[in-house]
Amino acid sequence: MKHAYVCLKWRNTLFVFYTWFIVVTTTMSVTAQDRKLSGRVLDATENIAIPGVNIVITGTQTGVVTDANGGFTLNIPAGRDRLTVSAIGFATQEVSVGNRSEITVQLQSDTKTLSEVVVTGYGAQAKRDITGAVASLDAKTLLAVPITNAAQGMQGRIAGVNVSNDNSPGGGIMVRIRGFGTINDNSPLY
């Protein structure tokens, strides 16, 4: 009886050891296939770092976002060597990594998509999706006349916006949208 108990205990120990050995070697072989890729994303025209760029392994949902210096680090699984690099205002680019461990990606500006985005006080929307009244004033118009602040530049140039002084020495400028006749405070956020 004692001999059967020792034999059974020995068999359980061997089973645990073999199971542990298989798990460890399988894990090591799987992680050995992944490789670490680091790199930077730069603007192609000005050669400056671009933060907030999405970098995704093509064909997967695995990816990272570049840091404030345009840098990133990503684990590339075996059999994958292409990255999709995209950012607002830049053309999406697909890059082949090959066997490299470091990469530098230069993105080209995509100016036609920049003009189609409107930034509001509560987010960004495509120009075609806006249902309210939106007015814009470009920098050329503001710089054509000598002004001391942006509110003075808007004075008389945007429909529905009333810009006036508060008539006190050194006083500020009041900006009202859609007139003075509303009950609520209609001062804009700026």
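Predicted model: local features only at pLDDT ≥ 70, side-chain atom pairs only at ≥ 80, totals over all residues.
View 1. Strands β2 and β3 pair in the antiparallel sense, and three bridges join β2 to β3. I55 also belongs to the largest nonpolar core, where I55 is among the residues that touch the most other members.

**View 2. The open sheet that contains β2 and β3.** Four strands make up this open sheet, which runs in the order β3-β2-β5-β6 with antiparallel pairing. At the edges lie β3, spanning 63-65, and β6, each of which pairs on one side only. Between neighbouring strands of the sheet the average turn is 15°, with direction ignored. As a general point, strands of a sheet pair through backbone hydrogen bonds, in either a parallel or an antiparallel manner.

**View 3. The largest nonpolar core.** This core holds 18 residues, and those that touch the most other members are V41, V53, I55, L83, V85 and L107. Two or more residues of the core come from each of the strands β1 (35-43), β2 (54-57), β4 (71-76), β5 (82-87), β6 (90-96) and β7 (102-107).

**View 4. The contacts of V41.** When residues up to four places away in sequence are not counted, V41 touches I48, A49, I50, V53, I55, T66, G70, F72, V85, V105 and L107. Among these contacts, V53, I55, V85 and L107 are, together with V41 itself, named as residues that touch the most other members of the largest nonpolar core.

View 5. Leaving aside residues up to four places away in sequence, S38 touches F72, T73, S101, E102 and I103. The C-alpha atoms of S38 and T104 lie 8.8 Å apart in space, although 66 residues separate S38 and T104 in sequence.

**View 6. The protein as a whole.** The protein has 190 residues, of which 19% are buried, and its secondary structure includes four helices and 11 strands. Of the contacts between residues at least 6 apart in sequence, 37% join residues that are at least 24 apart. The accessible surface comes to about 14,000 Å², and carbon and sulfur atoms account for 57% of that surface.

Terms used:
Residues numbered from 1 in each chain as written. Heavy atoms only, no water. Core = buried A, V, L, I, M, F, W, Y, C linked by side-chain atoms within 4.5 Å. Buried < 20%, exposed > 50% of the residue type's maximum accessible area, 1.4 Å probe, protein only. Contact = heavy atoms within 4.5 Å. Areas by Shrake-Rupley, 256 points an atom, 1.4 Å probe, with all protein chains shown as cover. Pairing = 2+ DSSP bridges. Axes fitted to C-alpha atoms, helices over the stretch in contact; angles between N-to-C directions.
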